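Reader: I'd like to learn how to read charged pairs and strand pairing in a model. Could you walk me through it?

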Amino acid sequence: ARTISRKAKCSVLLLTNSSPEQKVKKKIIVNAGADHPKTIHTINTAFYFAKQMGVKEVTMVHEVDVPALAMAMAESSSAPEVTKIKKEYTEEESNKLHSLISKCDTGNLKINEKVIKGKPGYAIRQYAETKKADLLVINSPDTHLTFLDRIFTHDIEFILADLPCNLLIVHSR
């Protein structure tokens, strides 16, 4: 499964349990990193998949890398300034996520938006596991992953190391 997910040139659906009774029930989480050009296609694919499976609610998650937030606060030393910078940064990222979603056809789906802080890949895996998601939808890697990507961990490797739920890796052309 890891080899296929790393080398496939098409979208891949990894199932954690292949029993016939299992199907996507209600909790789809989409990694909606606003800074990536593949994201719009991934979101539209997730919406299409949700509509086809009869899912009514989708959670769009944008991961905020904590070191970037720490660098933004590096020059501030007082607690109120740090709190203000954190709030402004989170609001800015939330606005990016909202504007990205507004470019997509949501149809009748209820869309939840969530900005989470943490290392990309690891944070969304933890979030999907905590929320007991049925499906996690992510972008395909930009390049073919190699053995070195397992040592110098790429964000998808955190997810593949311990699948929190079914995983759809969307490969856009």
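Reader: Is Lys96 buried, partly exposed or exposed, in terms of relative accessibility?

Author: Happy to start there, keeping in mind that this is a predicted model. Lys96 is partly exposed, at 28% relative accessibility. Its salt-bridge partner is Glu93, with the closest N and O atoms 3.3 Å apart. Glu93, by contrast, is buried, with a relative accessible area of 5%.

Reader: Where do Glu93 and Lys96 lie?

Author: Both belong to helix 4, and three residues, about one turn of the helix, separate them.

Reader: What is the general idea behind such pairs?

Author: Side chains that carry opposite charge can pair when their charged atoms come close. As for this structure, a search of the whole of it finds four salt bridges.

Reader: Which side chain meets Lys51 in a salt bridge?

Author: That is Asp105, at 3.7 Å from N to O. Lys51 sits in helix 2 (residues 39-53) and Asp105 in the loop between helix 4 (79-102) and strand 4 (110-117), so this pair ties together parts that are 54 residues apart in sequence. Asp105 counts as exposed at 55% relative accessibility, while Lys51 is partly exposed at 36%.

Reader: Which residues are linked with Asp162 in a network of salt bridges?

Author: Arg125 and Glu129 are linked with Asp162 in that network. The Glu129 and Arg125 side chains meet at 3.3 Å, N to O. Those two are four residues apart in helix 5 (residues 122-130), about one turn of the helix. On accessibility, Arg125 is buried at 10% and Glu129 is partly exposed at 40%.

Reader: In which sense do strand 2 and strand 3 pair, and over how many bridges?

Author: The idea is to look for bridges between two strands and then for their direction. Strand 2 pairs with strand 3 (residues 57-64) in the parallel sense, over four bridges. Within strand 3, Thr59 is the bridge partner of Ile29.

Reader: How many bridges join strand 2 to strand 5?

Author: Three bridges do, and strand 2 and strand 5 (residues 135-139) run parallel. To find one such place on the model, look at Val30, which stands opposite Val137 in strand 5.

Notes. Residues numbered from 1 in each chain as written. Predicted model: local features only at pLDDT ≥ 70, side-chain atom pairs only at ≥ 80, totals over all residues. Heavy atoms only, no water. Buried < 20%, exposed > 50% of the residue type's maximum accessible area, 1.4 Å probe, protein only. Pairing = 2+ DSSP bridges.
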